[in-house]
Amino acid sequence: MKQTQEIKSFFYSQYFADGIRITIGCIVPVIIFAAMGQFMNGTFVSFGALLLGLSDTPGAPSHRRIGMYFTSIFTIITFILTVSINTNVYLVTILIAILCFIFAMFAVLNARASNVGLMCTLMMLIHVDTPFTLYAALTYLFYYSIGCLWYMIVSLSITQVRPYRLTQQELSESIRHVADYLRLKANFYDINVDNDKNYLKLIEKQVEVNNHQENVRNLLFQSKRSIKDTTKTGRYLTFVFNDIIDLFEQSMATHYDYNTVSEKFGHTGILNEFKHIILKLTNELDHIAYQLNANRTPTPMYNFDQEINLLHRKIDSIEKEFHYNTIALRKILINVRDIIRHINDIYSYSHLKSTEVSKLEIDDAKKFIEPSIIDFKKIRENLTLDSTYFRHALRMAIVMSATYFLAKSFHISENIFWILLTIMVILKPGFGLTKSRNIQRLMGTIIGGLIGAFILYMVHDETIRFILLILFFLSAYSLFRVNYIVAVIFMTPYVLIMLSFVSTNTMEVTKERILDTFIGGMIAFLSSYVIFPNWESTQIKESMQKLLIASYHYIALTLKEIAGNDPTITEYKLVRKKLYVETANMGSTFQRMLTEPKNKQKYTKDVNRFVIFNHVLASFAITLHNQVTSSKANHTITKNHVKLIRKILSALETAIRALNSSNEENKFIPVDFQIPENQVAADDFEDENSNLLTEQLQFITKIVSDIAKLVQQLKEKADAELEPTLNNNDN
């Protein structure tokens, strides 16, 4: 049943929808023009649709439209420049270097601009070896433009007919990843699980959760339709997303010293019951995601009231039988209840009327997205070797132009396009991603080449081949964002079958494609190691400081609340979002660091500890905020609590300043709030909530102290490595 739902979810997903859209855009023109006896013109139209389809990533309709416009214009300009000089090897070498550098620098602007640059590079590579007469070039551009226009009509028509479909699909994917995150959290209640290894899995999953949540924000809040209209669907999706964010926060807040909790309560069996109910919650989230993806109204699977009551009675019996302080278990139960409440709220939104939604909810949402304005000053600011983008652009320009020139000079390959295409696809800003893409593409090409060769050898009927071509095409473009190696496996036989319609020597082409992929992969791999390499160890300090600043400001909100200057919901959520983003970014940086060569992995163990400590800190900071809100309402916050919070902020400030980043974005301004006497109780005040808050603050103080010591150790190691270099320069 679970596997059947997974398969159905894929066919409802945005990935399959993308594949269908690109397939319609590319295959239909070929069929129509082939029926008219103009197969080659049909491929020109199909190519125009393909480039626009590959650049058409999910986002607000206006952003997608602008992206497609610029892709059309820039690819046409690139084609004109390329075919004007492609008979002169020296001029083409220079052109490749210049255009590869410019198009790679597009990544500085945003991800969509990066895709536009990639499509322009692809247009150039396809035509560097193809001579055109003026008439042939104009004919090509005419049919290519028709393909661009055709794809825009297909894509934007689907958006007009189903304006919220992309948002539904991305929101569904986001919910599934939150469910996976909760499953990993449930493992902490299993006494047989290695908590340190589970932390690393949790951090990796948080990176994915954050990426999908950012995508949902962009789809929901950068669309004028979502902002302006008052339809039930737009408001419903907004409310569901808000509750999923709050639910994710609550899942982070269900965090305690799991080693201590396991030692104290493991023998009672209560932890297994917590794990069981959390896993049922993940099933509920998967169900919501599936129903949302299928465009159905979700209805509850479980009623948790009975299980919550049983857990409550179990905690009471443990307290009586073992005379334990069970306040930690009760807090976990409260957090589980809050997650259930968010799930029930999501179910209730299906009955919501559009008039019941506050407009402020949508207006404030615009503050949660990055500005979409293209700022060309970013390119000027990144024209330095300190910039990852600049180093990658230089590397791309040098490698692509040098490979072309050497291949043409020494006749290394009959078709230089495959080698250059492989380099373009594999070569990424970071070494780790280049390495993984290299392996995936080589394996995918070999396996796909064997499948394609087998099909060409066994299947001679052109109609069957064409049907297989469509299936491979659809599969490949549905899976590119899901599983790259499987996408390449499907893409290779598609290319070979397509070539079989215009060439009789496809077996030789298969061998060449595999060989050229291997050559291009080796060139990309070696160049990422020796040409302006970008090692994460040189960037790690900036990521660490950003995360510490985000943690500082989040905890500072707690002090602000105690001072009686309560932050607005929007202010709180913006600071919370920043904490999530920087935690995910730090985790992502560490993952890339682990894929680099061993001799380049500096301070790996220290960074690993830093990442885990900060994940624990983020979880406890959220728990702290919830506890302070509760304690404030009960007037149980003491002067000692305030002192501990100030001590925590002071330790974080010390760690932040020790990293001493020169980046203006990391500019740090400490904050402080005067606490009126009437806002806090005397230090001798005691009750269960107050004692638990003290324990939490003491634990956070210890974590922050460990982080500060770790940062100081890293600083000393970095300074020690730098000192010999400075001495040599002085000498």
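Colleague: Where is Asn295?
Modeller: Asn295 is in the loop between α13 (270–293) and α14 (305–322). This is a predicted model.

Colleague: Why does Asn295 count as partly exposed?
Modeller: Its relative accessibility is 43%. Buried means under 20% and exposed means over 50%. The value for Asn295 falls in between, so Asn295 counts as partly exposed.

Colleague: What makes the phi of Asn295 worth a remark?
Modeller: Phi of Asn295 is near 60°, a positive value in a residue other than glycine. Most residues other than glycine have a negative phi. Phe532 also has a positive phi, near 45°. Phe532 is found in the loop between α23 (506–530) and α24 (540–562). With a relative accessible area of 30%, Phe532 is partly exposed.

Colleague: Why does Pro298 count as buried?
Modeller: Pro298 has 3% relative accessibility. The cut-off for buried is under 20%, so Pro298 counts as buried. Pro298 is in the loop between α13 and α14.

Colleague: Which residues does Pro298 touch?
Modeller: Leaving out residues up to four places away in sequence, Pro298 touches Tyr236, Ile288, Gln291 and Tyr347. Pro298 and Ser348 are 50 residues apart in sequence, and their C-alpha atoms are 9.4 Å apart in space.

Colleague: Why is the pair of Arg330 and Asp316 called a salt bridge?
Modeller: A side-chain nitrogen of Arg must be within 4 Å of a carboxyl oxygen of Asp. For Arg330 and Asp316 the distance is 2.8 Å, N to O. The pair therefore meets the definition. Arg330 lies in helix α15 (residues 327–348) and Asp316 in helix α14, so the pair ties together parts that are 14 residues apart in sequence.

Colleague: How do you know that Arg609 forms a salt bridge with Asp606?
Modeller: The closest N and O atoms are 3.9 Å apart, and the limit is 4 Å. The pair therefore counts. Arg609 and Asp606 both lie in helix α26 (residues 604–633), about one turn of the helix apart. At 39% relative accessibility, Arg609 is partly exposed. Asp606, at 8%, is buried.

Colleague: What is the distance between the closest N and O atoms of Arg657 and Glu653?
Modeller: They are 3.3 Å apart, in a salt bridge. Arg657 and Glu653 are 4 residues apart in helix α27 (residues 639–659), which means about one helical turn separates them.

Colleague: How many salt bridges does a search of the whole structure find?
Modeller: The search finds 25. A network of salt bridges links Asp180, Arg183, Lys205, Glu208 and Asp286.

Colleague: What makes the contact between the side chains of His212 and Glu170 polar?
Modeller: A polar contact is a pair of N or O atoms within 3.5 Å, with one able to donate a hydrogen and the other to accept it. The side chains of His212 and Glu170 are joined at 2.5 Å. That distance is within the cut-off, so the contact counts. His212 is found in helix α9 (residues 195–221). At 11% relative accessibility, His212 is buried.

Colleague: Which residues form a nonpolar patch on the surface?
Modeller: Ile66, Tyr69, Phe70, Ile73, Ile77 and Leu81 form the patch, with about 540 Å² of accessible area together. A patch residue needs over 30% relative accessible area. Phe70 has 41%, so Phe70 passes that cut-off. Phe70 is in helix α4 (residues 61–85).

Colleague: Where in the protein chain is confidence lowest, and where highest?
Modeller: Confidence is lowest in helix α10 (residues 224–228), at a mean of 50. Confidence is highest in helix α5 (residues 89–105), at 94. The mean pLDDT of the protein chain is 82.

Methods. Residues are numbered from 1 along each chain as its sequence is written. This is a predicted model: local features need pLDDT of at least 70, side-chain atom pairs count only at pLDDT 80 or more; totals for chains, interfaces and linings use all residues. Side-chain values use heavy atoms; hydrogens and water are left out. Patches are made of residues with over 30% relative accessible area and no salt bridge: like charges are joined within 9 Å, nonpolar side chains (Val, Leu, Ile, Met, Phe, Trp, Tyr) within 5 Å. Accessible areas come from the Shrake-Rupley method with a 1.4 Å probe; for residues, only the protein chains shown count as cover. Helices (H or I, at least four residues) and strands (E, at least two) are DSSP runs, numbered from the N terminus. Buried means under 20% relative accessible area, exposed over 50%, partly exposed in between (1.4 Å probe, protein chains only). pLDDT is the predictor's confidence in each residue, from 0 to 100. Contact means heavy atoms within 4.5 Å.
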